[in-house]
Amino acid sequence: MSKKALITGITGQDGSYLAEHLLALGYEVHGLVRRVALEDPERRFNRIAHLIESIHLHPASLESYPSIFHVTSRCEFDECYHLAAQSFVAESFSDGFSTMNTNINGTHYILAALRETQPRCRFYFAGSSEMFGKVEESPQNERTRFHPRSPYGISKVAGFELTRNYREAYSMYCVNGILFNHEGPRRGFEFVTRKISSTVARIKLGVTSELRLGNLDARRDWGHASDYVRAMHLMLQQDEPDEYVVATGETHSVRDFCELAFDEVGLDWKEYVRVDEKYYRPAEVDLLMGDARKARERLGWHPRYTFTELVKEMVHADMELLTKATERKDRGRGQEQ
Ligand code: NAP
Ligand code: F7E
């Protein structure tokens, strides 16, 4: 019989790649989605549109315990991947309260509902390198102390501790992934990598003439989301639940990303990038670089994408997307005339 997995946040970047990966492994895939998303599928389901006939969607919100309980009391799962969250760090500074509410209570609701209805379901928590924040050592590993620098980072530390506590207190199989930044053509447009790749395409195709960014010196360990969802799945296949860092081990600055992305379309980034204080954060995470030795040794996990391949793929995908959108617009105008 095929295994059943529940993915919260299935409409997000990672949720869509994970759903694809689990379907390919023969899983029956279920997803929690907000009712607003069900009401506006064209816009909200764009990342999972190609999977919609193969997956099962359930309306529920991270703000509502009853909505989550309703799902877990009616359908039994082997594995639950809890990916849903307010995941944009900058937004967490604007509205720390709702980020905390969604990310901390939402995680607690899922854990509590599973404990109540199906304590044998294996649980994955989407922890983040943002938990390391003002880093004490480089590279960061599973033993590096947390020093979060944003309400988002704090909410993830709380989710991490909740997950560990459910494992220790109730003997549930609860795993914490500590994932460093991972990107790809399905990344939200507000994150710096996609902001760069999409604006590079707009500049190249003459739609805009500049790219306004904040801190160009920030350094991140950027991988590809399709590689990272493989690690999530592997973490739930082990004999014992544990914590794992998932990272490439390389670090690059926002400036490096710009340089490569503009280079890809034959442009010089210095002519187009402007620094705008508006995009600086009240407290920055200056440097992230992960040590994924444990994931390599115990899970046999290795990233397939290099940094250069990631940047190239994102720029080319955005060039193609914008070219197609422009052609559609031109055709529409032609029909009107
Ligand atoms: P994402 O693209 O922003 O997706 C977030 C998902 O959460 C979306 O499906 C969203 O649904 C859902 N969601 C948000 N608020 C919700 C609510 N109140 N109720 C129900 N669903 C809600 O994020 P991602 O990049 O895929 O990341 C997945 C997870 O990994 C997140 O927890 C993130 O914090 C964590 N993480 C990400 C990275 C990274 O680099 N990508 C690194 C470490 C950890 P809608 O579509 O309805 O908005
Ligand atoms: O920022 C700098 C910014 O928003 C990266 C989330 O998935 O990864 C992500 O969080 C860096 C920061 O991602 C702009 O100051 C400069 O130093 O792409 P980002 P993030 O904050 O690292 C972690 C691991 C997660 O868990 C999160 O969910 O880029 N930066 N200029 C900028 N960032 C943005 N967004 N926009 C700028 O204009």
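1. Thr107 is in contact (heavy atoms within 4.5 Å) with His82, Thr102, Phe125, Gly159 and Thr163, when residues up to four places away in sequence are not counted. The residue is found in helix H6, residues 96–117; helices (H or I, at least four residues) and strands (E, at least two) are DSSP runs, numbered from the N terminus. Thr107 is buried, with a relative accessible area of 1%; buried means under 20% relative accessible area, exposed over 50%, and partly exposed in between, with a 1.4 Å probe and protein chains only. The side chains of Thr107 and His82 are joined by a polar contact of 3.0 Å. A polar contact is a pair of N or O atoms within 3.5 Å; within protein, one must be able to donate a hydrogen and the other to accept it, and residues adjacent in sequence count only if both atoms are side-chain atoms.

2. On the basis of the values: this is a predicted model, in which local features need pLDDT of at least 70 and side-chain atom pairs count only at pLDDT 80 or more, while totals for chains, interfaces and linings use all residues. Residues are numbered from 1 along each chain as its sequence is written, chains are lettered from A and ligands numbered from 1 in the order in which they are written, and side-chain values use heavy atoms, with hydrogens and water left out.

3. The domain assignment (automatic or from a database) gives the protein chain domain 1 (4–184 + 223–246) and domain 2 (192–219 + 251–285 + 305–332). Their C-alpha centres lie 28 Å apart. Across the boundary, 13 residues of domain 1 are in contact with 11 residues of domain 2.

4. Around ligand 1 there are 25 residues, of which Thr11, Arg34, Leu83, Ser87 and Tyr152 come nearest; a residue is near a molecule if one of its heavy atoms lies within 4 Å of it. Polar backbone atoms of the protein take part: that of Leu83 is 2.7 Å from an oxygen atom of ligand 1, and that of Leu62 is 3.1 Å from a nitrogen atom of the ligand. From the side chain of Lys156, a polar atom lies 2.9 Å from an oxygen atom of ligand 1. On its own ligand 1 has 900 Å² of accessible area, and the protein covers 89% of it; such areas come from the Shrake-Rupley method with a 1.4 Å probe. Helix H1 (13–24), strand S5 (122–128) and helix H7 (151–170) are the elements that give two or more residues to this shell, and S5 supplies the largest share, 3 residues.

5. Ligand 2 is surrounded by 22 residues, the closest being Ser87, Ser128, Tyr152, Arg281 and Glu284. Its shell draws at least three residues from each of domain 1 and domain 2. A nitrogen atom of ligand 2 lies 2.8 Å from a backbone N or O atom of Gly214. Taken alone, ligand 2 exposes 700 Å², of which the protein buries 95%.

6. Ser150 is found in the loop between S5 and H7 and counts as buried at 2% relative accessibility. Leaving aside neighbours within four places in sequence, Ser150 is in contact with Val89, Ser92, Phe93 and Glu130. The Ser150 side chain also reaches the backbone nitrogen of Gly153 at 3.0 Å.
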